[in-house]
Amino acid sequence: MTSANAYSNRTEAALACVNNSAEESAKVYDQAYFLMGLFHIFEWVRTAVLLSVTCMEGMEMLMWAWHITTPINALFGVVVYIYAQVARFNSNGVACAEV
């Protein structure tokens, strides 16, 4: 699968791999890329919170927020990665990968 940077310029998506339509082809991976980006942004924020908690004193309450969001974001990440695999290996995803 290409990276989001390579896909965002739409050169690959403009090849019209779904129903000979560049518009539909552009939508094949868009939702999966969006959800994966959202998951990684949440992880970056959680990492910043963890770094703040470990470097500063008196931040115990913020550490609880980090602990509470761990299972929620982990479950969201698993769902997102499964969704990305479905987007890649369904009939439209296979057709666009071959092009």
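Visitor: Where does the charged end of Arg88 sit?
Guide: A charge sits over a ring if NZ of Lys or CZ of Arg is within 6 Å of the ring centre and within 35 degrees of the ring normal. Here the charged end of Arg88 sits over the ring of Phe89, 4.7 Å from its centre. This is a predicted model: local features need pLDDT of at least 70, side-chain atom pairs count only at pLDDT 80 or more, and totals for chains, interfaces and linings use all residues. Residues are numbered from 1 along each chain as its sequence is written, and side-chain values use heavy atoms, leaving out hydrogens and water.

Visitor: How many aromatic pairs does the structure hold?
Guide: A pair of aromatic rings is described by the distance of the centres and the angle of the planes. Rings of Phe, Tyr and Trp (its six-membered ring) pair if their centres lie within 6.5 Å; planes under 30 degrees apart are stacked, over 60 edge-to-face, the rest tilted. The structure holds four such pairs. Tyr29 and Tyr33 have ring centres 6.3 Å apart and planes at 70°, so they are edge-to-face.

Visitor: Are Tyr29 and Tyr33 buried or exposed?
Guide: Buried means under 20% relative accessible area, exposed over 50%, partly exposed in between (1.4 Å probe, protein chains only). Both Tyr29 and Tyr33 are buried.

Visitor: What about Phe42 and Phe76?
Guide: Their pair is tilted, at 6.3 Å centre to centre and 55° between the planes. Phe42 lies in helix 3 (residues 30-55) and Phe76 in helix 4 (residues 60-89), so the pair ties together parts 34 residues apart in sequence. Helices are DSSP runs (H or I, at least four residues), numbered from the N terminus. Phe42 is partly exposed at 40% relative accessibility; Phe76 is partly exposed at 25%.

Methods: Helix = DSSP H or I, 4+ residues; strand = E, 2+ residues; numbered from the N terminus.
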